[in-house]
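Here is a brief report for a reader new to this structure. Please look over the sequence and the model first.

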Amino acid sequence: MIRSHDLMSNCMVPIGVVLRNSCRTTYKSAILTPRFSTAFRPVVQLRNMTTTTQKSEDEWRAVLSREQFRVLRQKGTEPAGTGEYDKHSEEGVYSCAGCGTPLYKSSTKFNSGCGWPAFFDAIPGTVSRHEDRSFGTVRTEIVCTACGGHLGHVFKGEGFKTPTDERHCVNSISLKFHDEK
Ligand SMILES: [Zn+2]
């Protein structure tokens, strides 16, 4: 099977048909998610998403490095093959570099060869998806549910031999690794 990153120099660019399907699923589940569960916590609406960690952009600039801010808050992408965790294989947990929420377990990380850390699944409920129509294509962006920080994109149906056949293509700089089990 031809994978998207075989066709594109940048693995963040997907095959459109696959993504449109996954986006439809994303929106359906988002609509059905009960809102009352967050009623007693501070919330802020960010692009149709409810976050529980809210900071102004100035506050984020104060706690993040310049590159973390560019990726997490401005939806940037780190260059392929440069991230700290691209070939990282220790056992532990990858948390959001913005708010510290655990997002991915090392047991779901796999080597996709695309130049960014790849995971076939996230810790349930911690990563949200929405449609990204930037750069003239339709992709599924993934963000930290708690703070809205940009992680990367998720691609489905590429033929990887993983339990979900999904690839969460995540910027290393959006993550912070801890060697806890
Ligand atoms: Zn976060």
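## Overall make-up

The protein has 4 helices and 11 strands. Both are DSSP runs, numbered from the N terminus: helices are H or I with at least four residues, strands are E with at least two. Of the 181 residues, 36% are buried (20 or more other C-beta atoms within 10 Å of a residue's own, with C-beta atoms placed from the backbone).

Contacts join residues whose C-beta atoms, placed from the backbone, lie within 7 Å. Among contacts with a separation of 6 or more, 60% link residues 24 or more positions apart.

## Model and confidence

This is a predicted model, where local features need pLDDT of at least 70, side-chain atom pairs count only at pLDDT 80 or more, and totals for chains, interfaces and linings use all residues. Residues are numbered from 1 along each chain as its sequence is written.

pLDDT is the predictor's confidence in each residue, from 0 to 100. Its mean for the protein is 80. A value of 70 or more is reached by 72% of the residues. Residues 1-11 stay under 50, with 19 contacts beyond four places in sequence. Residues 13-48 are also below 50, and this stretch has 43 contacts beyond near neighbours in sequence.

Strand β3 covers residues 93-96 and pairs with β4 over 3 bridges. Pairing requires at least two DSSP bridges between two strands. S95 stands opposite P102 in β4.

Definitions and conventions
Buried ≥ 20, exposed ≤ 12 C-beta atoms within 10 Å, placed from the backbone. Contact = placed C-beta atoms within 7 Å.
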